[in-house]
Amino acid sequence: EKLGPVASAAIFAGFHAAAYSISPLPLVVAFVAGIIFMFAYKATKAQFGLAIVIGLHFGYNGALLFPLG
């Protein structure tokens with residue numbers, strides 16, 4: 001339980017490593033996003049299940065594809 005956020009975020013960043021060409025900064029961003037996704041899931045799982053996290057992931061991907069500015 002104590003390693004849950006770290007392990008979950010590390011797995012998330014690991015799965016995205018190939019997409020980011022193993023550059024350090026994007027991996028850190030993916031790691032932090034994984035922690036945010038895990039906390040969002042824990043906070044909303046009873047009412048929404050995975051829907052909120054899936055929506056956040058689509059938003060994350062959209063922000064990477066279509067950055068503001």
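Biologist: What share of the 69 residues in the protein chain is buried?

Modeller: First, this is a predicted model, where local features need pLDDT of at least 70, side-chain atom pairs count only at pLDDT 80 or more, and totals for chains, interfaces and linings use all residues. Residues are numbered from 1 along each chain as its sequence is written, and side-chain values use heavy atoms, leaving out hydrogens and water. Buried means under 20% relative accessible area, exposed over 50%, and partly exposed in between (1.4 Å probe, protein chains only). On that scale, the buried share of the protein chain's 69 residues is 23%.

Biologist: And in which order do the elements of the protein chain run?

Modeller: Helices (H or I, at least four residues) and strands (E, at least two) are DSSP runs, numbered from the N terminus. The protein chain has three helices and zero strands. So, with elements defined as such runs, the order from the N terminus on is α-α-α.

Biologist: How far does helix 1 reach from its first C-alpha to its last?

Modeller: Helix 1 covers residues 4-16, which makes 13 residues. The expected span is 1.5 Å times one less than the number of residues. For helix 1 that expectation is 18 Å, and its reach comes close to it, at 18 Å.

Biologist: Within what arc do the buried residues of helix 1 fall?

Modeller: Pro5, Ala9, Phe12, Ala13 and His16 are the buried ones in helix 1. They line one face of the helix, because seen down its axis they fall within a limited arc, namely 95°. The arc is that of the directions from the helix axis to the C-beta atoms. An α-helix has 3.6 residues a turn, so residues three or four places apart point the same way. Again, the arc for helix 1 is 95°.

Biologist: Which exposed residues sit on the face of helix 1 turned away from its buried side?

Modeller: What covers the buried residues includes helix 2 (24-48) and helix 3 (51-65). The face turned away from that buried side carries exposed residues, namely Ile11 and Phe15.

Technical notes: Contact means heavy atoms within 4.5 Å.
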